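Here is a chain to explore by question and answer. Take a look at it before reading on.

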Amino acid sequence: MINILIMKHLSKTKQFFVHLIVYAITLGILAGALFLFVPKSDIDTNVSFLNVDPAEADSLLEIMTIEQKVAQLLFVDYNQLEQTKDSLFGAYFLSTDSLDDFAETYKKISGNANVFPFFCLNNNINAPNFFSNYFDLPNAYIMMSIRDTSLLSEYFDFLIKQNTISGTSLVFSNLLNNIADTIEYDTVQIRYYLNYSEILIERFISHNLFFSVPFLKLPKKDSVFSGMLNKFYDKQFKNGLPFLYVDDYELISSLKQNYVFGGIIVGNQDIFENYETFFESDFDVLITSEKTELIYNELIKVAKSKKKFRKLLDKKVKKILLAKIWFKQNNKILNDIDEDSFKFDNISSDILLRKFKKYSSIVIKNEDNLIPVIDINSKYQCFVFGEAETKEFCNIIKNYNYSADKYLAGNPADEIKKLQFQPKSNIIFVLNNIAIDNSFASEIEKIDTSNNLIIVNFSNTENIKLLENVKHLIHIWYNDEVSQSYAAQIIFGGIESNAQLPVTISDSLYFGYGNVTNKTRIGYDIPEMVGVSSEKLLIIDSIANDAVSRYIFPGCQVFAIKDGVVIVDKCYGFHTYDKSTSVKKTDLYDIASVTKVIATTLSAMKMYEQGKLPLDVNIERYFKDTKIDYDRIKPDTLIKIDTINKNDDKNWEKKIKGLDTVQIGDSIVISFDTIIYKLTPKNNIFKVTPRLMLTHASGIQPALPILKLMLLDNDYFRKIEDLYNEGFDSVSNELSYQEKRDKIFTNRYIKDSSTVQVAEGMYLKKAYFDTLWRDTKELPVWSKKVYIYSDVNMIILQMAMDSINRQGINIYTWRNFYRPLGLNYITFLPRKNFNRAYIVPTERDNYWRNQLIWGYVHDPSAALLGGVAGNAGLFSNAHNLGVVLQMLLNGGTYGGIRFLSNSTIAKFTATQPDSHRGLGFDKWSKKQICAKDASPNTYGHTGFTGCCVWVDPDTKIVFVFLSNRIHPSANNWKINKYQIRQKIHQAIYDALILAE
């Protein structure tokens with residue numbers, strides 16, 4: 001009537017718009033009415049299973065008996081059932097420690113049920129109990145210690161995969177219940193719990209598994225807490241949370257007032273005094289832990305008593321059936337479970353568990369940032385209290401530092417009072433799963449005031465409160481060997497720490513508290529932790545052992561680092577072929593020309609950075625004695641030649657055009673360069689620059705003039721008599737070998753006369769040492785600077801640097817690099833620092849020194865210079881070389897100390913213009929003794945004795961190989977023929993696990 005009256009007074013156009021408005025209002029009223037009368041769960045379509053076509057559920061309802069329907073409403077503990085043979089319930093909680101028992105129960109239930117049941121979990125770890133037979137599942141505290149949510153996501157995906165395999169379809173997480181126990185509603189902790197729960201829910205739901213969380217009573221006093229919970233629930237309900245556990249009947253009203261939840265509401269059997277109330281409530285499911293059969297029968301009675309209860313029953317069951325139909329459509333329903341179907345990935349689980357152990361280790365106290373320690377050379381004493389010795393902890397510490405350790409098996413309070421500490425030593429106390437008391441804690445505090453004391457507490461969290469006042473405290477959740485290793489590495493920077501306390505212990509030790517420490521040194525772990533296959537690395541064993549058996553070398557060390565983690569550290573074979581001494585990791589090898597980069601180039605980099613060694617200034621400024629007698633030197637020429645084969649090279653005519661050539665058969669010999677040298681004041685060894693020497697392009701003759709000091713045998717003399725020129729006239733060819741030797745060498749040290757030791761019982765006389773320098777100054781220098789690999793370049797450069805530093809390169813490298821790096825197995829002149837048993841012998845020299853070279857440098861030039869030279873003389877084990885190379889890979893830092901700038905390293909390791917080398921470093925090429933898959937940016941060096949070192953900055957791989965292939969003869973070149981070093985290096989690249 002109102003509509004008609006209005007229309008009379010309006011134009012047709014206006015009437016049209018009024019119609020629209022009236023209709024809109026009417027529709028709004030109707031919609032509001034529907035909203036009021038339709039349950040919210042029925043209109044919420046975010047829950048995935050509510051969108052399923054209901055036809056199948058309706059069909060099932062028609063044929064199901066009341067008993068079968070009521071059974072769907074009960075989620076039961078299988079182990080508490082009185083009559084398991086008739087069990088056809090809606091869901092089962094299976095808590096068994098045996099996969100066999102689980103499989104048997106699963107098969108029995110699945111075979112009997114007319115509607116497949118849900119298999120549920122009800123614990124914080126969200127995994128069946130029998131998983132512990134395969135995987136040491138972390139508890140909630142361990143997971144809460146980890147700040148990295150990506151690791152939690154990885155763990156949840158792992159659980160999801162295993163749950164899917166085992167047939168688990170629904171997880172009830174109790175995690176949120178921990179919030180109710182939080183002291184004074186710590187908002188930081190609550191926020192973390194909620195964030196953790198969000199990740200967990202999202203991962204499970206995204207994989208089509210059902211997940212349930214508890215609905216908590218909203219606190220009235222704490223508005224911040226209430227707001228956080230409100231936001232959490234609102235988000236999860238809108239995202240379609242399928243199940244919600246409510247343990248208090250009164251909470252339903254709060255739920256309905258504040259949220260729209262369309263999923264299945266689960267309650268506990270103790271909520272209802274009578275089961276009529278259950279049917280009339282918004283609860284859909286009851287969880288029973290005991291008296292299941294009794295509850296089941298009571299519900300049947302109620303359902304049969306009145307029609308309205310049967311309608312309510314159908315409504316609840318239909319929702320459950322829709323969930324099961326949806327689940328079946330989106331998941332593979334297993335018919336059976338056994339050992340074959342349950343494939344547990346041991347490698348993946350091991351990696352995951354290691355990550356939990358690594359990233360849950362908490363540095364609780366760290367005053368003055370002592371951890372990780374910087375002064376690696378300090379004294380350390382380690383005392384272990386507790387159940388058992390922590391051998392792995394002590395072993396890992398010894399990889400970084402010489403430390404003494406002692407296991408104390410008695411009462412900790414008594415033992416601690418007996419301890420005596422070395423002066424200026426750092427103390428490490430290990431509490432290995434023991435409970436300390438106040439008296440022990442008091443003694444610790446006394447020690448802590450006068451020493452740098454680090455306490456590592458394994459397992460027992462109750463100790464943390466008593467240790468609140470110590471300066472340095474690390475807590476480790478586990479106490480197995482892996483955890484011991486990580487604990488030791490945290491102290492010395494082998495791994496980083498970013499964990500937090502999962503609970504509030506006191507005002508100063510609260511949830512979320514924990515010190516962040518950095519990784520500063522190489523670490524130790526399984527290769528898989530850095531994406532390398534342990535199984536594929538085993539080929540290295542085969543290659544190395546085969547090489548030993550084929551007399552390619554008596555033994556070797558192989559060492560490799562990936563991403564700062566040692567992935568290979570092995571020894572093979574023996575010192576010599578008599579097999580009397582096995583190779584050990586602490587053995588020292590003569591690394592020959594690797595000295596050029598690990599000592600000489602390293603020093604040049606430091607001095608360049610300090611402005612002491614400009615690269616493009618002639619080195620004459622650094623020498624006092626530059627006098628050369630030019631009148632006694634004749635000019636000479638060098639003709640450099642090459643050959644090509646006409647049949648192999650189609651462009652041979654173009655290549656020989658304009659060049660002097662001579663043809664021999666199909667080969668053409670080409671004279672492509674003629675270099676004239678003549679020593680003049682403008683052209684001698686002092687007129688070259690460090691850059692030219694580092695790139696081996698100085699033009700200086702590549703070898704020192706030492707043959708006249710070496711070839712004492714008559715056969716050698718007859719072959720090269722012309723070598724004996726002025727200065728050696730007194731050494732007559734008529735003399736015997738011994739007479740000639742006695743002219744040049746003595747068999748003992750004589751002060752101011754014979755001080756340069758070249759071998760056991762063999763010293764060079766000073767007169768001949770001085771003559772060697774005179775002849776070195778007169779070495780030919782070619783006018784055209786072409787690449788010729790040279791020992792002399794690095795020797796003269798080293799002499800120049802020694803002059804600048806006013807100390808030998810052996811002292812300079814020790815002070816500036818090796819000692820602060822914590823290296824104890826690298827040295828020049830090893831016989832001064834090591835027993836010969838630690839040194840691997842090289843060649844049996846039958847032509848000059850007439851002895852087995854053992855503990856003295858093999859290279860003759862370095863030997864005649866006293867064992868300290870720029871080209872050779874350094875002895876080392878593989879591990880120590882790896883540390884130096886890792887420092888370079890790190891950009892010049894190691895152990896919290898900066899040794900070089902990143903720009904300096906980049907400059908020296910880059911390929912130089914008009915050269916295939918870096919400055920001092922060799923570079924990767926197909927012809928190099930290097931893995932074919934190493935990147936073109938790879939740099940390093942090789943050594944005549946059978947060594948090589950390589951750094952690949954692209955893949956973050958450091959590789960060290962040491963052998964004594966020259967034992968007993970330097971003529972043994974099998975190592976090159978069979979490409980042993982290349983094959984072992986390539987094996988590391990072949991073991992890389994490519995990301996899928």
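Predicted model: local features only at pLDDT ≥ 70, side-chain atom pairs only at ≥ 80, totals over all residues.

Residues are numbered from 1 along each chain as its sequence is written, and side-chain values use heavy atoms, with hydrogens and water left out.

Student: How many helices and strands are in the chain?
Tutor: Both kinds of element are DSSP runs, numbered from the N terminus: helices are H or I with at least four residues, strands are E with at least two. Counted that way, the chain has 37 helices and 34 strands.

Student: What percentage of the residues in the chain is buried?
Tutor: Buried means under 20% relative accessible area, exposed means over 50%, and partly exposed lies in between, with a 1.4 Å probe and protein chains only. The chain has 996 residues, and the buried share of them is 55%.

Student: What share of the contacts with a separation of 6 or more joins residues 24 or more positions apart?
Tutor: A contact means heavy atoms within 4.5 Å. Among contacts with a separation of 6 or more, the share from residues 24 or more positions apart is 70%.

Student: In what order do the 6 strands of the open sheet stand?
Tutor: Two strands pair if DSSP finds at least two bridges between them. The pairing in this sheet is mixed, and the order is E9-E14-E13-E12-E10-E11.

Student: Which strands stand at the edges?
Tutor: An edge strand here has a single partner strand, so one side of it is left without a neighbour in the sheet. The two in question are E9 (362–366) and E11 (403–408).

Student: Which residue is the bridge partner of Val-384 in E11?
Tutor: Strand E10 (residues 379–386) pairs with E11 in the parallel sense, over 6 bridges. In E11, the partner of Val-384 is Tyr-407.

Student: At what angle does helix H21 run to E13?
Tutor: Axes are lines fitted to C-alpha atoms, for helices over the stretch in contact, and angles run from 0 to 180 degrees between N-to-C directions. Helix H19 (residues 438–450) lies across E10, E12 and E13, at about 150° to E13. H21 (residues 481–492) lies across E9, E10, E12, E13 and E14, and its angle to E13 is about 155°.

Student: Which backbone oxygen does the side chain of Ser-497 reach?
Tutor: Ser-497 is found in the loop between H21 and strand E15. Its C-alpha atom is 6.7 Å from that of Ser-361, although the two are 136 residues apart along the chain. At 2.9 Å, the side chain of Ser-497 reaches the backbone oxygen of Ser-361.

Student: Is Ser-497 buried or exposed?
Tutor: Ser-497 touches residues beyond its sequence neighbours, including Ile-362, Ile-490 and Thr-517. Its relative accessible area is 1%, so Ser-497 is buried.

Student: Is Asn-463 buried or exposed?
Tutor: Asn-463 lies in helix H20 (residues 463–466). Its contacts, not counting residues up to four places away, are Leu-431, Ile-434, Ala-435, Ile-436 and Asn-457. With a relative accessible area of 1%, Asn-463 is buried.

Student: How many residues of H31 are buried?
Tutor: H31 (residues 791–805) reaches 21 Å from its first C-alpha to its last. What covers its buried residues includes helices H24, H26, H32 and H33. H31 is mostly covered, and the buried count, out of 15, is 12.

Student: In E4, which residue is the bridge partner of Leu-121?
Tutor: Strand E3 (residues 118–122) has 4 of its 5 residues buried, so it is largely enclosed by the rest of the structure. E3 pairs with E4 (residues 170–172) in the parallel sense over 3 bridges. The E4 partner of Leu-121 is Val-171.

Conventions
Expected span 1.5 Å × (residues − 1). Polar contact = N/O pair within 3.5 Å; in protein donor to acceptor, adjacent residues only side chain to side chain.
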